[in-house]
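Have a look at the structure first.

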Amino acid sequence: MTASSPLWPAPFHHFRLNSDRPEALVDFYTRGLGMTARERGDGLWLLSGAGRRFLVGRGARETVSYAAYALDDPARLDDLQRHLEGQGIGIEPNPSPLFGNAAFAIRDPDGLPLVFGVPADDPVAAGGLPGRLQHIVFATTDPERIRRFYADRLGYAVSDKVFDDGALSACFFRSDEEHHSYAAFRADAARFDHVAFETTGWMDIRDWADHFGALRVPLWWGPGRHGPGNNLFFMVRDPDGNRVEISAELERMPRSMPHREWPHEEHTLNLWGRAWMRS
Ligand SMILES: [Fe+2]
């Protein structure tokens with residue numbers, strides 16, 4: 001962790017998910033996540049619900065255009081930009097309509113644009129069960145390169161590392177006291193892995209599962225409890241196969257708390273049993 005980075009706190013705020021049939025995703029997230037959709041034109045929809053908002057755009061299926069993290073203060077945003085420039089990181093214009101002028105983007109080693117900004121408006125509808133947008137995860141061929149970038153250069157704190165035969169196979173990063181707002185798993189290619197919505201407790205997990213059951217959306221993994229983060233979870237898949245996680249009880253860690261280490265095995269990823277192993 002770079003203690004001097006002005007990043008902290010910067011919770012995950014929104015992202016843009018693409019599809020060659022965005023109407024199918026808009027329909028799924030409207031019904032499945034209880035979100036209100038507003039078409040913005042040029043093939044872009046803003047979806048908002050209780051504590052959650054993101055964009056669905058026309059583009060290649062199962063791709064994410066950017067992940068956006070919110071800072072609460074324009075002065076700290078300026079400090080962060082200077083800190084990143086000092087790290088030799090190129091600054092790009094903000095691609096997100098949700099952050100206005102007080103925002104900029106950078107690219108991580110896998111080419112993912114990360115946007116940092118002060119929210120311009122915060123359109124949050126009241127609909128749906130509790131579940132605020134909380135973290136996003138990507139697969140990568142080189143988790144150690146990702147760790148060096150996010151931890152050593154950006155200033156994310158490492159919460160947990162998973163090792164496979166001495167090599168880093170997964171790494172969890174926090175940008176506020178919640179266990180992770182971003183994570184990376186080793187896989188055979190860099191790609192979007194999943195997005196997660198944090199609820200208020202176990203009974204919400206039940207209610208969400210009943211809700212998806214009524215919609216005939218089967219649970220894809222879980223319910224279970226992750227080792228890193230200690231959160232209760234299950235996942236479903238949207239019509240393109242993107243994985244959506246419903247979570248509860250995610251661990252909180254102060255900024256200075258040291259990371260922990262885990263073996264690469266099913267029990268780590270699901271303390272209750274079977275796990276989705278990316279590698
Ligand atoms: Fe997750």
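The lining of the largest cavity is made up of 6 nonpolar, 5 polar and 2 charged residues. Here Ala, Val, Leu, Ile, Met, Phe, Trp, Tyr, Cys and Pro count as nonpolar, Asp, Glu, Lys and Arg as charged, and the others, Gly among them, as polar. Keep in mind that this is a predicted model, where local features need pLDDT of at least 70 and side-chain atom pairs count only at pLDDT 80 or more, while totals for chains, interfaces and linings use all residues. Residues are numbered from 1 along each chain as its sequence is written, and side-chain values use heavy atoms, with hydrogens and water left out.

A cavity is a set of points on a 1 Å grid over the protein atoms alone where a 1.4 Å probe fits but cannot get out, and its lining residues have an atom within 4 Å of a point. Points are joined across faces, edges and corners, and the volume is the space filled by probe spheres set on them. Searching the whole structure turns up 2 cavities of 30 Å³ or more.

| Cavity | Volume |
|---|---|
| Largest | about 90 Å³ |

Of the 13 residues lining the largest cavity, Phe172, Phe185, His194, His226 and Arg278 are the closest to its centre. The second largest cavity has Phe185 and Arg278 in its lining too, along with others including Val162 and His264. That lining holds 4 nonpolar, 3 polar and 2 charged residues.

Now for the helices, which are DSSP runs (H or I, at least four residues; strands are E, at least two) numbered from the N terminus. Just after α1, Gly34 has a positive phi of about 60°.

Helix α3 (residues 143-154) buries Pro143, Ile146, Arg147, Phe149, Tyr150, Ala151 and Leu154. These also cover an arc of only 165°, which puts them on the same side of α3. Gly155 follows α3, with a positive phi near 105°.

Zooming out, the chain has 5 helices and 16 strands. Of its 279 residues, 54% count as buried.

Conventions: 1 Å grid on protein atoms, 1.4 Å probe; cavity = no way out; pocket = protein on both sides within 12 Å on 5 of 7 lines; lining within 4 Å. Buried < 20%, exposed > 50% of the residue type's maximum accessible area, 1.4 Å probe, protein only. Arc of directions from axis to C-beta.
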